[in-house]
Structures are given as structure tokens and as C-alpha cells.
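Dear colleague,

I am passing on the structure below for your use. My notes on what was found in it follow directly after.

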Amino acid sequence: MKSLAQIRKEYIEVLSSRYTQKEIDTIFYTLAEAYLHKKKSILQLGLNELYEESEIKSLLFQHSLFQLSQGVPYQYIVGNTEFYDCKILVNPNVLIPRPETEELVDWVIQENKQKFDPINIIDLCTGSGCIAIALAKNLKHSKVSALEVSSSAVELAKKNAELNQVDINFIFGDLLDATVEDIPNLDVIVSNPPYIRNSEIDSMEDTVVQNEPALALFVSDNNPLIFYQAIIDYAYKNLKPSGSVYVEINQDLAEETQELFSKNFIFVELKKDLSGKNRLIKAKGIR
């Protein structure tokens, strides 16, 4: 029977070439909490104890270690992740939510939480539904819709909405299709669309490229801003004159994306994320 300390040591030995010590600890304790149903603080205090459960679950730890060594993200192994204090189910049909997307959500919440009138919001390219769900939970007076082209992603997003006890109007459709369903009189359009150029694939981590859905990540080098133009077109048809658009962007295309929005909106704000990278844009006042 192995102690958790011994299992953790194996994780460090096998994964040190792929992850930092801090990342390995995050992965190990996330799995341990899921498998042993104990909080991290308790597990840390009892690393050298011989839990009966750790023996019973040893095969799970071993199988997970093999998956991790092959580059499978631990969030897919556990089947969920945390996003803006929401539990979000994830699988290879949807992107794993990132911290910078939490910053996008926080921007929307901070600028709209003091409003008393109902807020009509749509999340375009919703994926797991994490953005729409976080907004619905934190803006109680909002009416939230979410558009997604992947039927398997919509299925999972609906489960996430139910898990987090929020009401979301999910729409199955393609943002790039001119006949996509309209939601008129929107106060907020928010989106984290595909924005990574195909030419950038070689510089990305294998864990992302080999596991997360290409449909939600990549765009052609010939037209890398295609989704932002579609968002603008959607705004022309559905956004209130006083409404705002919030999007996550490719930092390497920040200037071009800002210019595109500036051609169509009076006010455009480019915002850096916590790492100091140009990652977010807010646009208001359609020209």
C-alpha cells in the first residue's frame, strides 16, 4: 500500500520534464481531492498516512499519471474545472476555460452590476458555457443567451447551466452564417471566439493542440479576424445603441483587431490582462 507521499513522488518524477513543481502539485492535489473526496488541506497534513482509499484508488492515480505523461490536460481527466467560482464540466469537445477569460467576465460584471434595469446578454461561441453561466450567476437581473456551433458543446453547456442552477437560452448555430438566429435589443455582446492563426500552431503547447478542439481555437491566416467581423455584423443587427461588445483577442493581432472595431464603433478600449498582454477589447457606440 502506497502513501500519498509516494504517489506524489512518482508524479514529480514522471511529469517534471513537462510541468513545473507548482503545476505538478496543482495537478496531483486536484486528482487526490477528486479520488479521495478529501480537501487539499487534509491531504497535505496526511501525506505519509496509508489511506485505505489510496490503495483502492491506486489504479486511478496510475492511469491518470499515464494520461498526463501523454499530454492529456488534468481538467479533462477530472472532468471539470473552476471558472469564476463556478464548477464547469469539461471534455475534449470544449476548451478548458483560462484565467484571462475570467478577466473578460469580470470586466462585464464590474461595468454592469450596478444597473437596475434587466440586462439582455449574449455569449457568442460559448463552448462550455462558462462565460454565460458566470454572467448569469453574478448579474441576477440579466437575461442570458449563448450561441454555439458544436452540438456536443451545447449539450455539455446545458449540463453546466443546470449544475450551476442558472437559466440560459442556448442557441445552436454558426456565427459565420448570415442566417444565424438574431436576439434583438442586446445590452451586452461578449465573446471569446477562435483567434489563433494556423501558422501559430507550431509554437503552441502540445497539450493544447493535441487535445483541445481545433474548431474553437484556430482560424485561417488569410482572414484571422473573421469572427470579430461576424461579431460586429451581429452587433449591427442586434445591439442597442447604448450597448457594449466585450471580446477576448489574440495579443499578436491587438492593433489590427482594435482598428477593425474602431472602424465600426465610436468608443474602443484595448485592455491588458494581468500578465500585461493586450487581450481584451470593449467597443461601444455603433457608427
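The largest nonpolar core has 57 residues, of which Y11, F61, L135, I168 and V190 touch the most other members. A nonpolar core here is a set of buried Ala, Val, Leu, Ile, Met, Phe, Trp, Tyr and Cys residues joined through side-chain atoms within 4.5 Å. Buried stands for under 20% relative accessible area, exposed for over 50%, and partly exposed for values in between, with a 1.4 Å probe and protein chains only. The greatest contribution to this core, eight residues, comes from helix α2 (residues 21–36). A second, separate core of 37 residues includes Y195, V219, F227 and I232. In soluble globular proteins, nonpolar side chains tend to be buried together.

Please note that this is a predicted model, in which local features need pLDDT of at least 70 and side-chain atom pairs count only at pLDDT 80 or more, while totals for chains, interfaces and linings use all residues. Residues are numbered from 1 along each chain as its sequence is written, and side-chain values use heavy atoms, with hydrogens and water left out.

As to the overall fold, the protein has twelve helices and eleven strands; these are DSSP runs numbered from the N terminus, with helices being H or I of at least four residues and strands E of at least two. The radius of gyration is 21 Å, close to the 19 Å given by the globule rule for 287 residues, so the protein is as compact as a globular protein of that length. That radius is taken over C-alpha atoms, and the rule is 2.2 Å times the number of residues to the power 0.38. The C-alpha trace spans about 70 × 40 × 35 Å along its principal axes. Buried residues make up 51% of the 287. Among contacts (heavy atoms within 4.5 Å) with a separation of 6 or more, 65% are between residues 24 or more positions apart.

In the second core, Y195 is found in the loop between β6 (186–191) and β7 (196–197). Y195 is buried, with a relative accessible area of 12%. Beyond its neighbours within four places in sequence, the contacts of Y195 are E200, L217, V219, Y228, E248, I249, N250 and R279. Y195 and L225 are 30 residues apart along the chain, and their C-alpha atoms are separated by 7.0 Å.

Two exposed positions may also be listed. P241, in strand β9 (residues 239–248), has 79% relative accessibility and counts as exposed. D85, in the loop between β1 (80–83) and β2 (86–89), is exposed at 74% relative accessibility.

With kind regards
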